[in-house]
Amino acid sequence: MPRLMLLRHAKSSWSEEATADFDRPLAPRGQKAAPLMGHYMKENGLLPDRVLCSSALRTRQTFAETLPFLAGEFDVLFLRAIYDTLDDDYLDIIREHGGDAATLLVIGHNPATHETALALAGTGNTEDIARLEGGFPTAALAILDFEGADWSGLKSGAGHLVSFIKPRELETANGSDDGSETAD
């Protein structure tokens, strides 16, 4: 059963107004949230066979901060198309580049990450679906399971939302919530 993990990049910095959007780095809060999500993935056995990551700086940095927690061998593709697909979903990219990965991690941007999760989540825990419908904050992770052998036949509504995790929930559980918002 293929598994898709959708990870939105961690909080990025807006401190340099002249910096192009593609080149925005992680903010300090993002540098804290990304390894927190990586640790969560490791502790819950959520380890990818393949990673599709936007080539924008903030997504590459999010990947770099989670990398120490991802054991084993896996393929990584950095794709400009993930950055360029800001107003749609990633279904075509997943169909084209997912291959036969049993567990696929896509690190991307909103609104496309959110739209992809909404488009694919046909079933799941009603509370998780309601939380997902409420927004997809930075460094949040949606985990969806599918029937089938590979990603080429991916269809809207075919996924089962296993869980939806926000970094704030992990910070609160660890007693390190700084009270800052992670929705942007």
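**Exercise 1. Find the secondary-structure element that holds Thr66, decide whether this residue is buried or exposed, and name its contacts.**

Thr66 belongs to helix α2, where helices (H or I, at least four residues) and strands (E, at least two) are DSSP runs numbered from the N terminus. The model is a predicted one, in which local features need pLDDT of at least 70 and side-chain atom pairs count only at pLDDT 80 or more, while totals for chains, interfaces and linings use all residues. Residues are numbered from 1 along each chain as its sequence is written, and side-chain values use heavy atoms, with hydrogens and water left out.

The next step is accessibility: buried means under 20% relative accessible area, exposed over 50%, and partly exposed in between (1.4 Å probe, protein chains only). With a relative accessible area of 1%, Thr66 is buried. Once neighbours within four places in sequence are left aside, Thr66 is in contact (heavy atoms within 4.5 Å) with Leu7, Ala34 and Gly38.

**Exercise 2. Describe how the rings of Phe63, Phe74 and Phe78 are arranged.**

Rings of Phe, Tyr and Trp (its six-membered ring) pair if their centres lie within 6.5 Å, and planes under 30 degrees apart count as stacked, over 60 as edge-to-face and the rest as tilted. By this rule there are 5 aromatic pairs. In one of them, the ring centres of Phe63 and Phe74 are 6.5 Å apart and the planes stand at 85°, so the pair is edge-to-face. Because Phe63 lies in helix α2 (residues 57–66) and Phe74 in the loop between α2 and β3 (75–79), this pair ties together parts that are 11 residues apart in sequence. Phe63 is buried, at 7% relative accessible area, and Phe74 is buried as well, at 18%.

The rings of Phe63 and Phe78 have centres 5.9 Å apart and planes at 75°, so this pair too is edge-to-face. Since Phe78 lies in strand β3 and Phe63 in helix α2, the pair ties together parts 15 residues apart in sequence. Phe78 is partly exposed, with a relative accessible area of 41%. Together, Phe63, Phe74 and Phe78 form one aromatic cluster.

**Exercise 3. Identify which charged ends sit over the rings of Trp14 and Phe22.**

A charge sits over a ring if NZ of Lys or CZ of Arg is within 6 Å of the ring centre and within 35 degrees of the ring normal. Over the ring of Trp14 sits the charged end of Arg24, 3.6 Å from the ring centre, and over the ring of Phe22 sits that of Arg80, 4.3 Å from the centre.
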